[in-house]
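Work through each task with the structure in view before you read its solution.

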Amino acid sequence: MSYLVLARKWRPLDFDQVVGQGPVVRILRNVISRNRVPHAMLFSGVRGVGKTTLARIMAKALNCEKQEGALPCNKCSSCLEITAGTAVDLHEIDGASNRGIQEIRDLKENIRFLPSRNRYKIMIIDEVHMLTNEAFNALLKTLEEPPDHVIFMFATTEIHKIPVTILSRCQRYELKKVPFAELFGLFQKIAEAEKVTISDDALEMIAREAAGSIRDGLSLLDQVFSFGGDEMTGADVSEVLGLVDSQLLERLAAALLAGDLGAALKILNQVCTAGADLKRFTADLLHFVRGLIVCRLNAAPAELLDGSDREIAEMTELAAGYSDESLSQLFDYLLKGAAEMQYAPYPRLVLEMTFARIVQSGQAAPIASLIARIDELLAAGGGESPLPSPSPVSSLPEKKNPEPAAPTITEPDRLSEPSPAFVVREQPPPDVPGSASKPAAGTGPEASKDPRRDWDDFAVYIGERKGWMAQIVKMCDSARFKGDELQMKYEDSTHCPILQQADNLKVLTEFAQDFFQRELRVKISARGTGEGGNGGDQATVLQEERTALRRDPLALLVSEVFSGHVADVRTGPRSRVSGAGTAKEE
Ligand SMILES: [Zn+2]
């Protein structure tokens, strides 16, 4: 008894049996029922989605002897012959092996004659993009004036390789990749009909691996079925097909996110022992992490992910336990690892080191919280705040407490007092008189607000919206209106650049316009750098300083150790204190 592979055994015989191509099937049915049959049709789509299958069904419908009711009838001799592959008026040509001009000449010779017994002579050319230019040209003449009794059906996986002159003479049908759920349903039905007991997670693995191609899925299913066994499980499938169990990926991702290097390496060892292809495995892991990110960010992940409801629920639960930052960091590291593995002589070592870096980065990740902690300690000890925290470049939602807990700290005026000693400022500086008794920010514009008088209120107003910015605004040593300019001056230039960044300056300007209820521009400058303010020499000097710091051996070393990069350099008298902070984690 000969064994018929599933892909042939389960090849659809009529339109109803076609899986996952609803829209195209509807059009084809209409083409027949309204008798608007084009002389050239082009079916395009990735491999194994049913291009030639649909062409054959269409051929059957066109040549069906019944020509009534649902077509094709699959009972008349024409239908049966096409199913059996013996129809005399249906010619199937493989474009890959018959790509020359001679083959097209033969074909043209053939179509001169009327069909032997059916209505149409039908030419199916598979992989039509493989034809040579000369062959296409020869074909073009025929397509321009096709005989009434001839219908061409082309199938291709690479529609872009077909000349426009040909394309414009075809009616085109684009077949989609078959959605995960439909593949899963089909495989379940086949397993049942073949009397094979196979678990859902095993079928899910196959459906995912098929990646939209029915034929690929069925050939995997063939392999699994011939493995035998009473009940096929996910573990069996991963053994037979060398696929990675999604449970394993989930455990590995969880171990990496939890910083458990031991567990991660153990799982990797298990994968290596099983003989899996590591590059492939890394790609699977990347897809899984991408899935976690989608689950975390998207309210309807099922539309974007190939997976069952159960799997997506599990992924959503796992993703909920980690921040967006941790997940995207994990993805970045794995992506880098995958790229390095491409040409590495020892892929496993690369992957192990990637895992080690991920775990290290997890330990180094809460830099924002470290900075906050340092701030706290310094504040308690009457020291100096090294950095404005947290980083404003972060895309994470602002979660910082808008009210800075630490007392405001500043330096005395360096111009009049050369001592480098820092003092804790209990009272506002002379230029910015306090106004703690003033009504809360944003309450009615009963009197126009003034930066000298209302600065603290302004800081509170900002603090309710952008915590880190309020802290820097508070440190401003003098603020006043000059014309339509709000001029902010700092004794210490450390914080100017960050406020001067276009995005931040825009936000600050909006805050100021809302608070002071007037049109204004914000100008930020540091004492000792001239009145030039935001532009000119100061910018050049700052730029040079920043470039030098960026190339500072210490900064480079820190970047190397943490495999980060220098994202933001802040210059000024206090920058050296916080040298390590200039290397930001990626
Ligand atoms: Zn028929």
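Angles under 35 degrees count as roughly parallel, those over 145 as roughly antiparallel, those from 65 to 115 as roughly perpendicular, and the rest as oblique. The model is predicted, so local features need pLDDT of at least 70 and side-chain atom pairs count only at pLDDT 80 or more, whereas totals for chains, interfaces and linings use all residues. Residues are numbered from 1 along each chain as its sequence is written, and side-chain values use heavy atoms, with hydrogens and water left out.

**Exercise 1.** Describe how helix α19 packs against helix α22.

Solution. Begin with the general rule that two packed helices are described by the angle between their axes and the distance between the axes. Axes are lines fitted to C-alpha atoms, for helices over the stretch in contact, and the angles run from 0 to 180 degrees between N-to-C directions. For α19 (residues 451–463) and α22 (residues 502–516), the angle is about 120 degrees and the axes lie 11 Å apart. The two helices α19 and α22 are therefore oblique to each other. Next, look at the residues in contact, which means heavy atoms within 4.5 Å: α19 contributes residues including Trp455, Phe458 and Tyr461, while those from α22 include Leu508, Phe511 and Phe515.

**Exercise 2.** Classify the packing of α14 with α15.

Solution. The axes of α14 and α15 are 8 Å apart, at an angle of about 80 degrees. That angle makes α14 roughly perpendicular to α15. On the α14 side the meeting residues are Phe288, Gly291, Leu292, Cys295 and Arg296, and among their partners in α15 are Ile312, Met315 and Leu318.

**Exercise 3.** Which residues touch the most other members of the largest nonpolar core, and which element gives the largest share of this core?

Solution. A nonpolar core is a set of buried Ala, Val, Leu, Ile, Met, Phe, Trp, Tyr and Cys residues joined through side-chain atoms within 4.5 Å, where buried means under 20% relative accessible area (1.4 Å probe, protein chains only). The largest core has 39 residues, of which Leu252, Leu256, Leu278, Phe281, Leu292, Leu334 and Phe355 touch the most other members. The elements giving two or more residues to this core include α12 (246–258), α14 (278–297) and α17 (347–364), and the largest share, 10 residues, comes from α14. Leucine 256 touches Ala264, Leu285, Leu330, Phe355 and Ile358, not counting residues up to four places away in sequence.

**Exercise 4.** What percentage of the residues in the protein is buried?

Solution. Of the 586 residues in the protein, 46% are buried.

How values were computed:
Buried < 20%, exposed > 50% of the residue type's maximum accessible area, 1.4 Å probe, protein only. Helix = DSSP H or I, 4+ residues; strand = E, 2+ residues; numbered from the N terminus.
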